[in-house]
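Here's a quick tour for someone who already has the model open. Keep the ligand in view as you read.

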Amino acid sequence: MGLMRMDALLVEARRKRMAIGGFECWSSAGARAIAEAAAECRMPVIFQATRAEYELMGGAAAMKAIVECYVEQAGIDAALHLDHGASMEEVRTCLDGGFSSVMLDASRLPLEENIAASSEAAGAAHEASCSIEAELGHVGGFEGDLEEVDDEQAGLTDPEEAERFVAETGIDCLAVGIGTVHGEYRREPNLDLDRLARIADRVPLPLVLHGGSGVTDELLLQAIERGIAKINICTDIHKVWIAAVTAARETRTPSLAGRYYEPAQEALKTSIAGIIQKFANGKSW
Ligand code: 13P
């Protein structure tokens, strides 16, 4: 029980052909909803934040203290992960702040530069006894405060390059480009599941799918069967939160603005529990 390295959870998830949800977290209400949903489902969970999100929570150390409090209260296994770290400075801030896992996203760079940057981040993470995720190929759409990547610039992961990338960087989890995008889909999501199977044949590590919102259950479950052990969810839970706060404003007294959070937190918890259950792929932890 408690906060642990993310790969400790994901290796087991890949072995069992299930996936663990990586949920974006931007407030203590959100952290509580994520922790309680995981406890209800008796599943581990990943709290994750981009720089914009951990800064909203008062910085990396403040976020760690808040998340750890809810993790202990709920009695769950969990990881606290930097999502889309954009620099070594962000990686170090989160390692120093007590995160148990980090991602350095150098996937926009040419292969050799991505390998060099990801190796450096892997060294720093391992020195701090934390796990590291890196990305090869590139997922399109919006990533936190980063610039939008249009679908044409988004790249699919080459299986042979993935094998080399993992061997040369020493990373623990690999995020792959197989056709998902961050944010809203402009056309029907269409995942390259054959490519995923070929990557999984060459890479025994847990594979990570970004851009999980808006993808059909059927495609997600097929991806889990082919080696995806972590699925990132942001847009879908943002929409749940905003809809619930908006609805609460219609019915609740404006003098107690904090009360808007109650139904939003409950709606978030229900939505996240449904997603966790789906990713369990009919199995128990
Ligand atoms: P969505 O916003 O599409 O759920 O993607 C989230 C994500 O991949 C964060 O890294």
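This is a predicted model: local features need pLDDT of at least 70, side-chain atom pairs count only at pLDDT 80 or more; totals for chains, interfaces and linings use all residues.

Residues are numbered from 1 along each chain as its sequence is written, and side-chain values use heavy atoms, with hydrogens and water left out. Helices (H or I, at least four residues) and strands (E, at least two) are DSSP runs, numbered from the N terminus.

**What the record says**

- UniProt lists Asp-83 as "active site" in an unreviewed entry. Its positions are given in the numbering used here, feature names are shortened, and annotations may be inferred rather than shown by experiment.
- The unreviewed UniProt entry also puts a "binding site" at Gly-183, Gly-211, Gly-212, Ser-213, Asn-232, Ile-233, Cys-234 and Thr-235. These residues span 53 residues in sequence, yet no two of their C-alpha atoms are more than 11.1 Å apart, so they gather at one spot.

**Around the ligand**

- The ligand has 14 residues around it, and Asp-83, Gly-211, Ser-213, Cys-234 and Thr-235 come nearest. Being near here takes a heavy atom within 4 Å.
- Ser-213 puts a polar side-chain atom 2.5 Å from a ligand oxygen, and His-210 has a polar side-chain atom 3.1 Å from an oxygen atom of the ligand.
- On its own the ligand has 310 Å² of accessible area, and the protein covers 96% of that. Accessible areas come from the Shrake-Rupley method with a 1.4 Å probe, and for residues only the protein chains shown count as cover.
- Strands β4, β9 (181–182) and β11 (228–233) are the elements that give two or more residues to the shell around the ligand.

**Asp-83 on β4**

- Asp-83 sits in strand β4 (residues 77–85).
- Asp-83 is buried at 3% relative accessible area; buried means under 20%, exposed over 50%, and partly exposed in between (1.4 Å probe, protein chains only).
- Setting aside residues up to four places away in sequence, Asp-83 touches Glu-24, Gln-48, Ala-49, Thr-50, Met-103, His-210 and Asn-232. Contact means heavy atoms within 4.5 Å.

**Strand β11 and Gln-48**

- Lys-230 belongs to β11, and its relative accessibility of 0% makes it buried.
- The side chains of Lys-230 and Gln-48 make a polar contact of 2.9 Å. Such a contact is a pair of N or O atoms within 3.5 Å; within protein, one must be able to donate a hydrogen and the other to accept it, and residues adjacent in sequence count only if both atoms are side-chain atoms.
- Asn-232, also in β11, is buried at 5% relative accessibility and has a side-chain polar contact of 3.3 Å with Gln-48.
- Beyond four places in sequence, the contacts of Asn-232 include Asp-83, His-210 and Ser-213.
- Ile-233 is another β11 residue, buried at 3% relative accessible area. Among its contacts beyond four places in sequence are Phe-23, Glu-24, Ile-275 and Phe-279.

**Helix α2**

- Helix α2 (residues 28–41) has 14 residues and reaches 20 Å from first C-alpha to last, close to the 20 Å expected at 1.5 Å a residue. The expected span is 1.5 Å times one less than the number of residues.
- Its buried residues are Ala-29, Gly-30, Ala-31, Ala-33, Ile-34, Ala-35, Ala-37, Ala-38 and Cys-41.
- The cover over those buried residues includes β2 (20–24), β3 (45–49), α4 (60–74), α10 (235–251) and α11 (261–279).

**Positive phi values**

- Most residues other than glycine have a negative phi.
- Arg-42, which follows α2, has a positive phi near 55°.
- Arg-17 has a positive phi near 55° too; Arg-17 lies in the loop between α1 (6–16) and β2 and is partly exposed at 40% relative accessibility.
- Ser-129 has a positive phi near 60°, sits in the loop between α6 (111–127) and β6 (131–136), and is exposed at 52% relative accessible area.
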